[in-house]
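Please keep the sequence and the model open while reading.

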Amino acid sequence: QVQLVESGGGLVQPGGSLRLSCAASGTIFKINGVSWHRQAPGKEREFVAAITSANTTRVVSALRGRFTISRDVASNTTFLQMDSLGPEDTADYYCNAVIVSTKGEAPQRYWGQGTQVTVSS
C-alpha cells in the first residue's frame, strides 16, 4: 500500500511564496516520477510540473521562472517551490506519482488528497 500526502498549502499574500511537499510512504521499490497538478474553483485540473527518477524536470511554460520542482530521494518527498504568487495561483494542488511497490511489479499511479493554496490580501 502506498500513500501520498501533500502539505504546505495555506493562505499567502500576493507576491509571497510557498513550498509544497508530497511525501510518499508505504511499500516502495522505486518512484518513477512525480508530478504536481492544480485545480482552481470551477476549472479543470491542470498539469503544473513534473520530475523523473533521473531528476529531469518540466514546468508548464506559463509558470516557468516562478515554480520549481525538486525532490529528496532519501525521504521520498517531492517539493514544489512557488514564488511571486498571485490570485490566479489559488487552487487545490495535488501530487501524482508513478510507483513500483515491489521489484518486478508493474508501476501504479497514485494521487494525494490535495492541499489548498489561497493567494489573497
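The model is predicted: local features need pLDDT of at least 70, side-chain atom pairs count only at pLDDT 80 or more, and totals for chains, interfaces and linings use all residues. Residues are numbered from 1 along each chain as its sequence is written, and side-chain values use heavy atoms, with hydrogens and water left out.

**Overall build**

- The chain has 11 strands and 0 helices, where helices (H or I, at least four residues) and strands (E, at least two) are DSSP runs numbered from the N terminus.
- Read from the N terminus, the order of elements is β-β-β-β-β-β-β-β-β-β-β.
- The radius of gyration is 14 Å, close to the 14 Å from the globule rule for 121 residues, so the chain is as compact as a globular protein of that length. The radius is taken over C-alpha atoms, and the rule is 2.2 Å times the number of residues to the power 0.38.
- Along the principal axes, the C-alpha atoms fill a box of roughly 50 × 25 × 25 Å.

**Burial, contacts and surface**

- Of the 121 residues, 41% count as buried; buried means under 20% relative accessible area, exposed over 50%, and partly exposed in between (1.4 Å probe, protein chains only).
- Contacts (heavy atoms within 4.5 Å) between residues at least 6 apart in sequence include 55% that join residues at least 24 apart.
- The chain exposes about 6500 Å², of which carbon and sulfur atoms supply 47%; the areas come from the Shrake-Rupley method with a 1.4 Å probe, and for residues only the protein chains shown count as cover.

**The four-stranded sheet**

- An open sheet of 4 strands runs in the order E1-E3-E8-E7 with antiparallel pairing; two strands pair if DSSP finds at least two bridges between them.
- Strands E1 (2–7) and E7 (67–72) stand at the edges with a single partner strand each, so one side of each has no neighbour in the sheet.
- From one strand to the next, the twist averages 15°, with axes being lines fitted to C-alpha atoms, for helices over the stretch in contact, and angles running from 0 to 180 degrees between N-to-C directions.
- Strand E3 (residues 18–26) pairs with strand E8 (residues 77–82) in the antiparallel sense over 6 bridges.
- Leu18 has Met82 in E8 as its bridge partner.

**Salt bridges**

- The structure holds 3 salt bridges, each a side-chain nitrogen of Lys or Arg within 4 Å of a carboxyl oxygen of Asp or Glu.
- Arg38 and Glu46 meet through their side chains at 2.7 Å, N to O. Glu46 is partly exposed at 38% relative accessibility, whereas Arg38 is buried at 9%.
- Asp89 also forms a salt bridge with Arg38, with the closest N and O atoms 2.9 Å apart. This pair links distant parts of the chain, 51 residues apart: Asp89 is in the loop between E8 and strand E9 (91–100), and Arg38 is in strand E4 (residues 30–39).
- Asp89 forms a salt bridge with Arg66 as well, at 2.8 Å between the closest N and O atoms. Arg66 lies in the loop between strand E6 (57–59) and E7, and Asp89 in the loop between E8 and E9, so the pair ties together parts 23 residues apart in sequence.
- Asp89 is buried with a relative accessible area of 0%, and Arg66 is buried with 19%.
- Through shared partners, the salt bridges join Arg38, Glu46, Arg66 and Asp89 into one network.
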